[in-house]
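Welcome to this guided tour, and please have your viewer ready. We will go from stop to stop, selecting a few residues each time and looking at what is there.

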Amino acid sequence: CAFLEERIAGPFFFGEEFTLAECWVYPVLRFLPEDGVDINDYPKLAALKAAMEARPSVRAVLDMGMVR
């Protein structure tokens, strides 16, 4: 997590623009609690996860229960 935390350049990995990097890392972020990792120890990753969950497409999938 520290490796990724250090590389986030803005709200998204490469600054202000949403990229495929966020699509790749979001599922990983969802599994952190199961691995005993508190995402709040990594504020940039926590903010990224929150930003992803605020996206309408992600919210729709979550609301449909398609992911745990």
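Patches are made of residues with over 30% relative accessible area and no salt bridge, where like charges are joined within 9 Å and nonpolar side chains (Val, Leu, Ile, Met, Phe, Trp, Tyr) within 5 Å. Accessible areas come from the Shrake-Rupley method with a 1.4 Å probe, and for residues only the protein chains shown count as cover. A salt bridge, in turn, is a side-chain nitrogen of Lys or Arg within 4 Å of a carboxyl oxygen of Asp or Glu.

Before you click, note that this is a predicted model: local features need pLDDT of at least 70, side-chain atom pairs count only at pLDDT 80 or more, and totals for chains, interfaces and linings use all residues. Residues are numbered from 1 along each chain as its sequence is written, and side-chain values use heavy atoms, with hydrogens and water left out.

**Stop 1: a nonpolar patch**

Select Met64, Met66 and Val67, which make a nonpolar surface patch of about 330 Å². Helices here are DSSP runs (H or I, at least four residues), numbered from the N terminus. Is methionine 66 buried or exposed? Methionine 66 is exposed, at a relative accessible area of 57%. The cut-offs are under 20% relative accessible area for buried, over 50% for exposed, and partly exposed in between (1.4 Å probe, protein chains only).

**Stop 2: the salt bridges**

How many salt bridges does the structure hold? There are four. Begin with arginine 7 and glutamate 6, whose side chains meet in a salt bridge of 3.5 Å, N to O. Glutamate 6 is exposed, with a relative accessible area of 61%, while arginine 7 is partly exposed at 41%.

Next, select Arg30, Lys49 and Glu53, which a network of salt bridges links together. In the bridge between glutamate 53 and arginine 30, the closest N and O atoms are 3.3 Å apart. This pair links distant parts of the chain, with glutamate 53 in helix H3 (residues 43–54) and arginine 30 in helix H2 (residues 20–31), 23 residues apart. Glutamate 53 is buried, with a relative accessible area of 18%, whereas arginine 30 is partly exposed at 23%.

Glutamate 53 also forms a salt bridge with lysine 49, and here the closest N and O atoms are 3.1 Å apart. What separates these two along the helix? They are four residues apart in helix H3, so about one helical turn lies between them. Lysine 49 is buried, as is glutamate 53.

**Stop 3**

Axes are lines fitted to C-alpha atoms, for helices over the stretch in contact, and angles run from 0 to 180 degrees between N-to-C directions. Met52, Glu53 and Ala54 of H3 make the contact with Pro56, Val58, Arg59 and Leu62 of H4. Contact means heavy atoms within 4.5 Å.

Zoom in on valine 58, in helix H4. Valine 58 is buried, with a relative accessible area of 13%. Leaving aside its neighbours within four places in sequence, valine 58 touches Tyr26, Met52 and Glu53.

**Stop 4: where H2 meets H3**

H2 and H3 pack at an angle of about 105°, and their axes are 10 Å apart. They too are roughly perpendicular to each other. On the H2 side, the contact residues include Glu22, Val25 and Leu29, and on the H3 side they include Leu45 and Leu48.

**Stop 5: leucine 48 and phenylalanine 12**

Select leucine 48 in helix H3. Leucine 48 is buried, with a relative accessible area of 0%. Beyond its neighbours within four places in sequence, leucine 48 is in contact with Ile8, Pro11, Phe12, Phe13, Glu22, Val25 and Leu29.

Finish with one of those partners, phenylalanine 12. Phenylalanine 12 lies in the loop between helix H1 (2–7) and H2, and is buried at a relative accessible area of 12%. Setting aside neighbours within four places in sequence, its contacts are Glu17, Phe18, Glu22, Leu48 and Ala51.

Notes:
Parallel < 35°, antiparallel > 145°, perpendicular 65-115°, else oblique.
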